[in-house]
Amino acid sequence: MDKQVIVPISMLPFGMLNAYLIIRKQRAILIDTGLPNSANRIEKVLKKAGLEWLHIDLIILTHGHIDHVGSAHHARVLSSAPIVAHAGDVPYIQDGKRPMLNPTGTFGKFFIKTRAIEQPFKYFQPDITMIDNELSLEDFGFRGRILHTPGHTPGSLSVFLDDGEVVAGDLVASGILLGGIMLKDRPKPPPFEEDRQAVLTSLKFLLNEGAKKFYLGHGGPLSAEHVDTFLRKQHRA
Ligand SMILES: [Zn+2]
Ligand SMILES: [Zn+2]
């Protein structure tokens, strides 16, 4: 089978936190790794697809928050796959710099108080630090590109497959509270983001590139139409 498929890995129930596998010809890319101690969840989904850790050729981190990179070091040990992250988020991933948290609403304010996002995790050096705005997946045997889509964090990345499916991390969320649970086709900002204007520019850029479907860290997936409507509302606000 030559088709590329996106397989969600449910890290928290009800779509509250997702990582993803992209699978093609019995090889896989892992996008994000969940909170610390999430390796068994990743392994379960790999097994279900008939794969092992060693079938993973690349680990892409959409950004440096603990709910996305918490198990990255462990996943690299198990898979021997290189980790890609953008230079903009290396201080969070490698040096343990505390993330900048601008709440986007009431839930974000509450969530920051729990300090859940500021817990330490196993810091590490990425194998491939992206400085450019784009990295082709061709060398890894996949049809798509990693795109720099800053805003949620300075080094946020999106994985854009050639058929228009995009794994966009926390550039946008959907649902209620943290994301997911219900109303999953209703876009909303994640609990916090660093640069609102940059987020809107990045979303617009993805739509202009021909994005058709958005897979998200919290909630989703969203159609391009839903994201477009959301963007128009944000620009008016
Ligand atoms: Zn985040
Ligand atoms: Zn997140």
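Visitor: Is His63 buried or exposed, and what about Asp170?

Guide: A word first: this is a predicted model. To read burial, look at the relative accessible area; buried means under 20%. His63 is buried, and Asp170 is buried too.

Visitor: Which residues are the protein donors of the zinc ion (ligand 1)?

Guide: To read a metal site, list the atoms that reach the metal. For the zinc ion (ligand 1) they are His63 (NE2), His65 (ND1), His152 (NE2) and Asp170 (OD). These donors lie 2.1 to 2.3 Å from the ion.

Visitor: How are the donor residues of the zinc ion (ligand 1) spaced in sequence?

Guide: The pattern is H-x1-H-x86-H-x17-D. Take His63 and Asp170 from that set: this pair links distant parts of the chain, 107 residues apart. His63 is in the loop between strand 4 (56–60) and helix 2, while Asp170 is in the loop between strand 10 and strand 11.

Visitor: Why is the arrangement around the zinc ion (ligand 1) irregular?

Guide: Check the angles between donors. Here the four donor atoms subtend angles of 89 to 170°, so the arrangement is irregular. A tetrahedral site would need all angles between 85 and 135 degrees.

Visitor: Which residues are the protein donors of the zinc ion (ligand 2)?

Guide: Asp67 (OD), His68 (NE2), Asp170 (OD) and His218 (NE2). They lie 2.1 to 2.2 Å from the zinc ion (ligand 2). Their spacing along the chain reads D-H-x101-D-x47-H. Asp67 is in helix 2 (residues 66–69), and 103 residues separate it from Asp170. Asp67 and Asp170 are both buried.

Visitor: What angles do the four donor atoms around the zinc ion (ligand 2) subtend?

Guide: They run from 90 to 163°, which makes this arrangement irregular.

Visitor: How far apart are the zinc ion (ligand 1) and the zinc ion (ligand 2), and which residue coordinates both?

Guide: The two zinc ions are 3.3 Å apart, and Asp170 coordinates both.

Visitor: How many salt bridges does the count come to?

Guide: Eight. Among them is the one between Lys47 and Glu43, at 3.2 Å from N to O. Look at where the partners sit. Lys47 and Glu43 are four residues apart in helix 1 (residues 39–48), so about one helical turn separates them. Lys47 is partly exposed, at 49% relative accessible area. Glu43 is partly exposed as well, at 29%.

Visitor: Which residues are linked with Arg145 in a network of salt bridges?

Guide: Glu134 and Glu209 join Arg145 in that network. The side chains of Arg145 and Glu134 meet at 3.6 Å, N to O. Arg145 is in strand 8 (residues 144–148) and Glu134 in strand 7 (residues 134–136), 11 residues apart. Glu134 is partly exposed, with a relative accessible area of 44%.

Visitor: Which residue forms a salt bridge with Glu193?

Guide: Arg196 does, with the closest N and O atoms 2.3 Å apart. Glu193 counts as buried, at 3% relative accessibility. Arg196, at 26%, counts as partly exposed.

Visitor: What span should the 13 residues of helix 6 have?

Guide: To check a helix, compare its expected span with the distance between its ends. Helix 6 (residues 196–208) should span 18 Å at 1.5 Å a residue. Its end C-alpha atoms are 19 Å apart, which agrees.

Visitor: Which residue caps the N-terminal end of helix 6?

Guide: Asp195 does: one of its side-chain oxygens lies 3.2 Å from the backbone nitrogen of Gln197. Just after helix 6, Gly210 takes a positive phi of about 100°.

Visitor: Which residues of helix 6 are buried?

Guide: Ala198, Val199, Leu200, Ser202, Leu203, Leu206 and Leu207.

How values were computed: Residues are numbered from 1 along each chain as its sequence is written. Chains are lettered from A and ligands numbered from 1 in the order in which they are written. This is a predicted model: local features need pLDDT of at least 70, side-chain atom pairs count only at pLDDT 80 or more; totals for chains, interfaces and linings use all residues. Side-chain values use heavy atoms; hydrogens and water are left out. A salt bridge is a side-chain nitrogen of Lys or Arg within 4 Å of a carboxyl oxygen of Asp or Glu. Helices (H or I, at least four residues) and strands (E, at least two) are DSSP runs, numbered from the N terminus. Buried means under 20% relative accessible area, exposed over 50%, partly exposed in between (1.4 Å probe, protein chains only). Donors are N, O and S atoms within 2.8 Å of the metal (3.2 Å for Na, K and Ca); water is not among the atoms, so sites may look incomplete. Four donors count as tetrahedral if all angles lie between 85 and 135 degrees; four count as square planar and six as octahedral if opposite donors are over 155 degrees apart and all others between 65 and 115; anything else is irregular. The expected span of a helix is 1.5 Å times one less than its number of residues. A polar contact is a pair of N or O atoms within 3.5 Å; within protein, one must be able to donate a hydrogen and the other to accept it, and residues adjacent in sequence count only if both atoms are side-chain atoms.
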